[in-house]
Amino acid sequence: MDERQLRVLRELGELGSVTAAAQALRVTPSAISQQLRLLQRSLPVPLTERAGRRLVLTAAGQALADAAIGVETALARARHTVEEYVDEPEGTVSVAAFHSGAAAFYPLLLRQVRGPGSPRITLHDEDVAQADFPPLTRSYDLVLAHRLDHAPPWPRTATATPLLREPLDIALPVGHPLAARTALTARDVSGEPWITVHDGFPLLSTVEAIAAAAGHRLDIVHRVNEISVVAELVAAGGGIALMPRWTSRPHPDVTLRPLDGIEAHRHIDALHRPERTARRAVRTVLGELRAAAETIRARG
């Protein structure tokens, strides 16, 4: 049995005829009869009987119709509870981000979303390979993820809200001979020792594109994912690296120079499962992430 069938039985008991029940429920009499037949199949005792030309409830049918009132009341309460949850402005919203994205977005988000009537945000760090970002939407309401221009799009299982398309620059120690140039080519940087990320992480494919454009493999000496650590290694003369222009924190001993001849950008997107944004609190936080992206772009 289901809610529709119980509602039909209740209306039949209260109104006294199939025609009146059909009018009340705005369906045809045949639809009423079909629902009654489906309900009867699930129960061992008759629910209706003929009284002349009218179809009326048996004692068992009346007992079930009375119980249906309680069922409808409970379902109405459940629906109201869900509606309150969906429309709750102060609901909890979980956000996960890769490290440099978290460093850039989280402080802005915390400053923007605070005070009475604001969502409660829980923040998490998840530094994963590109393919592992979409599965994180099972565990978090919003996931800040990054991918390169030429990388495959995010799968349709996750909805992506674009936040930034950020340039990637060559990071050099201050005083490096290449720092005197306004822009660098693949050939300029191909003979330097390199600091790059681990296999599977987004920035690596741009490093591989630089090697392809230069016509030989790069000398990769260090593999570090955390951008702030990479900046320290570059400053100490450990090599050069790709570094995001807007979301990496400026280092006094590191100079950034744009790369010519190679498409070097990354997309930063907010991933989520479509049903998550049914909640008002999640929509609020997503809107504030867009505002934070505009602030980061303007600073850049």
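Helix α5 (residues 99–112) and helix α9 (residues 280–299) pack at an angle of about 120° with their axes 9 Å apart, where helices are DSSP runs of H or I of at least four residues, strands are runs of E of at least two, and both are numbered from the N terminus. Axes here are lines fitted to C-alpha atoms, for helices over the stretch in contact, and angles run from 0 to 180 degrees between N-to-C directions. The two helices α5 and α9 are therefore oblique to each other, given that angles under 35 degrees count as roughly parallel, over 145 as roughly antiparallel, 65 to 115 as roughly perpendicular and the rest as oblique. Their crossing is right-handed, a term used if the near helix is turned clockwise from the far one by less than a right angle, with anticlockwise giving left-handed. On the α5 side the contact (heavy atoms within 4.5 Å) involves A104, F105, L108, L109 and Q112, which meet V285, E288, L289, A291, A292, A293, T295, I296 and R299 in α9. By class, this contact of α5 with α9 has 10 nonpolar, 2 polar and 2 charged residues; Ala, Val, Leu, Ile, Met, Phe, Trp, Tyr, Cys and Pro count as nonpolar, Asp, Glu, Lys and Arg as charged, and the others, Gly among them, as polar.

The model is predicted, so local features need pLDDT of at least 70 and side-chain atom pairs count only at pLDDT 80 or more, whereas totals for chains, interfaces and linings use all residues. Residues are numbered from 1 along each chain as its sequence is written, and side-chain values use heavy atoms, with hydrogens and water left out.

Helix α5 also gives the largest share, 7 residues, of the lining of the largest pocket, and α8 and α9 are the other elements that give two or more residues to that lining. The pocket has a volume of about 390 Å³. On a 1 Å grid over the protein atoms alone, a pocket is an open set of points with protein on both sides within 12 Å along at least five of seven lines, a cavity is a set where a 1.4 Å probe fits but cannot get out, and lining residues have an atom within 4 Å of a point. Grid points are joined across faces, edges and corners, and a volume is the space filled by probe spheres set on the points. The lining of the largest pocket has 9 nonpolar, 7 polar and 5 charged residues.

The largest cavity has about 110 Å³ of space, and of its 13 lining residues D127, H146, V197, N225 and I227 lie nearest its centre. The second largest cavity, of about 70 Å³, is lined by 9 nonpolar residues, 1 polar and no charged, with β7 (193–196), α8 (227–235) and β9 (240–244) each supplying at least two residues.

At the other end of the numbering, helix α1 (residues 3–15) packs with helix α2 (residues 18–25) at about 125°, their axes 8 Å apart, and that makes α1 oblique to α2. The axes of α1 and helix α3 (residues 29–41) come within 9 Å and cross at roughly 115°, and α1 and α3 are therefore roughly perpendicular to each other. The crossing of α1 and α3 is left-handed, whereas α1 passes α2 in a right-handed crossing.
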